[in-house]
Amino acid sequence: MPEAPLEDSGSGQAPAGEGWFVVNVRDADWLISETFGSGCEFEGEKSRFPQLGINIAVMEPGQPNCLYHAESQQEAFLVLSGECRLLVEGTERLLRPWDFVHCPAGTEHVFVGVGEGPCVVLMTGARAEDKQVLYPVSELAERYGASVDVATPDPEQAYSPFERPERGRPAYWDRLPWA
């Protein structure tokens, strides 16, 4: 297997083709959203991982990482630093560094930053061509700005009221563990 070339995406390095590669989180491609925090994407637009999704999400206190949802594939999460609230199946759980979360397929969930500063979570999920997502209406998630108004399986519809993420570094970059 050849080494994949890395190229500058405008906010960091991303693979420009198939193959193995090494990139540091500080140098990788980042997306930012005022509503949903920021995230490090290890995949490039030219090279998507077919079997495993993996990224790092960073949320400020009060920010959800996405909308409350359930996927047809399993996901796993590891809190690396900071604190967050896990909303899962209509319940809340406070998470701290090194807490691990496993969500079997169909588990409704979202993370919301809490505490004094940014929360950093490693996020992984299985991938399949027939992957499905459901965004249910959730009274609990609505309290945190993380619920849709109308249930939908369509991500475009679910996220239509929100700004699109942009490439760049978050304003709190110098407060992150790798800074």
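**Strands, contacts and cover**

Reply: Happy to. Let's begin with β7 and strand β10 (residues 100-103), which pair in the antiparallel sense over four bridges. Please keep in mind that this is a predicted model.

Me: What makes β7 and β10 a pair?

Reply: Two strands pair if at least two bridges are found between them. β7 and β10 have four bridges, so they qualify as a pair. One of the contacts to look at is phenylalanine 77, whose bridge partner in β10 is valine 101.

Me: Why is strand β7 called largely enclosed?

Reply: Strand β7 covers residues 75-81, and five of its seven residues are buried, so the rest of the structure largely encloses it. Buried here means under 20% relative accessible area.

Me: Which strands pair with β4?

Reply: Strand β3 (residues 29-33) pairs with β4 in the antiparallel sense over five bridges, and a hairpin of three residues joins β3 to β4. Within that pairing, leucine 31 stands opposite glycine 39. Strand β5 (residues 52-59) also pairs with β4 in the antiparallel sense, over four bridges. There, serine 38 has valine 58 in β5 as its bridge partner. As for cover, four of the five residues of β4 (residues 37-41) are buried.

Me: How do you know that the aromatic pair of phenylalanine 36 and phenylalanine 162 is edge-to-face?

Reply: The search of the whole structure finds nine aromatic pairs. In the pair of phenylalanine 36 and phenylalanine 162, the ring centres are 5.0 Å apart and the planes are at 65 degrees. Rings pair if their centres lie within 6.5 Å, and planes over 60 degrees apart count as edge-to-face. Both conditions hold for 5.0 Å and 65 degrees, so the pair is edge-to-face.

Me: Where do these two phenylalanines lie in the chain?

Reply: Phenylalanine 36 is in the loop between β3 and β4, while phenylalanine 162 is in the loop between α2 (155-159) and β14 (166-167); the pair therefore ties together parts that are 126 residues apart in sequence. Ring pairs also link Phe36, Tyr135, Tyr159 and Phe162 into a cluster.

Me: Are phenylalanine 36 and phenylalanine 162 buried or partly exposed?

Reply: Phenylalanine 36 has a relative accessible area of 10%, so it is buried, the cut-off being under 20%. Phenylalanine 162 comes to 24% and therefore counts as partly exposed.

Me: What makes the contact between glutamate 43 and arginine 48 a salt bridge?

Reply: A side-chain nitrogen of Lys or Arg has to be within 4 Å of a carboxyl oxygen of Asp or Glu. For glutamate 43 and arginine 48 the N to O value is 3.8 Å, so their contact meets the cut-off. Glutamate 43 forms a salt bridge with arginine 127 as well, where the closest N and O atoms are 2.8 Å apart. That pair links distant parts of the chain: glutamate 43 is in the loop between β4 and β5, and arginine 127 is in the loop between β12 (119-126) and β13 (133-134), 84 residues apart. Salt bridges that share partners join Glu43, Arg48 and Arg127 into one network. The structure holds nine salt bridges.

Me: Why is glutamate 43 called buried?

Reply: Its relative accessible area is 6%, and under 20% means buried. Arginine 48, at 45%, counts as partly exposed, and so does arginine 127, at 27%.

Me: How do you know that a charge sits over the ring of tryptophan 173?

Reply: The charged end of arginine 169 is 4.6 Å from the ring centre. The distance limit is 6 Å, and the charge must also lie within 35 degrees of the ring normal. Arginine 169 is recorded as sitting over the ring.

Me: Why is valine 22 called exposed?

Reply: Valine 22 has 65% relative accessibility, and exposed means over 50%. Valine 22 lies in the loop between β2 (13-15) and β3. Together with Met1 and Trp20, Val22 makes a nonpolar surface patch of about 410 Å².

Key:
Residues are numbered from 1 along each chain as its sequence is written. This is a predicted model: local features need pLDDT of at least 70, side-chain atom pairs count only at pLDDT 80 or more; totals for chains, interfaces and linings use all residues. Side-chain values use heavy atoms; hydrogens and water are left out. Buried means under 20% relative accessible area, exposed over 50%, partly exposed in between (1.4 Å probe, protein chains only). Patches are made of residues with over 30% relative accessible area and no salt bridge: like charges are joined within 9 Å, nonpolar side chains (Val, Leu, Ile, Met, Phe, Trp, Tyr) within 5 Å. Accessible areas come from the Shrake-Rupley method with a 1.4 Å probe; for residues, only the protein chains shown count as cover. Rings of Phe, Tyr and Trp (its six-membered ring) pair if their centres lie within 6.5 Å; planes under 30 degrees apart count as stacked, over 60 as edge-to-face and the rest as tilted.
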